[in-house]
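Hi everyone, thanks for making time. I'd like to walk you through one model today, so let me put it on the screen.

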Amino acid sequence: MPDILMFALEYVERGWPVIPTLGKQPITAWTEYQQRLPTTDQVRAWFTREECYNVAIVTGSCSGLVVVDCDSEEDTTWWMSRFPRSPLTVATG
């Protein structure tokens, strides 16, 4: 099983609606996943193709996840000094 498929299936098991993206662009209509999870068959079809898709999670009330984008060290310091630390964090270039 490709790693990307494994992660996508794990996210769905956690109750997080996933969609495939190419770069940052969704390759499927995503608004319906604000209301429901994709099926396991859909996830397998998306992430076993030859194209190398990324996994995106639809955030908000449907997943219970919120994304905060801090664009500088100063922003990050400000945010972290005022809000509880989350175990779900990522730093990008």
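This is a predicted model: local features need pLDDT of at least 70, side-chain atom pairs count only at pLDDT 80 or more; totals for chains, interfaces and linings use all residues.

Residues are numbered from 1 along each chain as its sequence is written, and side-chain values use heavy atoms, with hydrogens and water left out.

Let's begin with the sheet. Here 3 strands make an open sheet, ordered β2-β1-β3, with antiparallel pairing. At the edges sit β2 (25–26) and β3 (54–57), each pairing on one side only. Two strands pair if DSSP finds at least two bridges between them.

Strand β1 covers residues 18–22 and is joined to β2 by 2 bridges. In those bridges, T21 partners P26, and L22 partners Q25. The two strands form a hairpin with 2 residues between them, and G23 in the turn has a positive phi of about 70°. Towards β3, β1 has 4 bridges, again antiparallel; P20, for instance, stands opposite V55.

Buried means under 20% relative accessible area, exposed over 50%, and partly exposed in between, with a 1.4 Å probe and protein chains only.

Next, helix α2, residues 40–47, which contains A45. A45 counts as partly exposed because its relative accessibility is 38%. The C-alpha atoms of A45 and L5 are 9.4 Å apart, although the two residues are 40 apart along the chain.

Last stop, the surface. D69, D71, E74 and D75 gather there in a patch of negative charge. For such a patch, residues need over 30% relative accessible area and no salt bridge (a Lys or Arg side-chain nitrogen within 4 Å of an Asp or Glu carboxyl oxygen), and like charges are joined within 9 Å. E74 belongs to helix α3, residues 73–82, and counts as exposed because its relative accessibility is 66%.

Methods: Patches are made of residues with over 30% relative accessible area and no salt bridge: like charges are joined within 9 Å, nonpolar side chains (Val, Leu, Ile, Met, Phe, Trp, Tyr) within 5 Å. Accessible areas come from the Shrake-Rupley method with a 1.4 Å probe; for residues, only the protein chains shown count as cover. Lys and Arg count as positive and Asp and Glu as negative; His and the chain ends are not counted. The place of a charge is taken as NZ of Lys, CZ of Arg, CG of Asp or CD of Glu.
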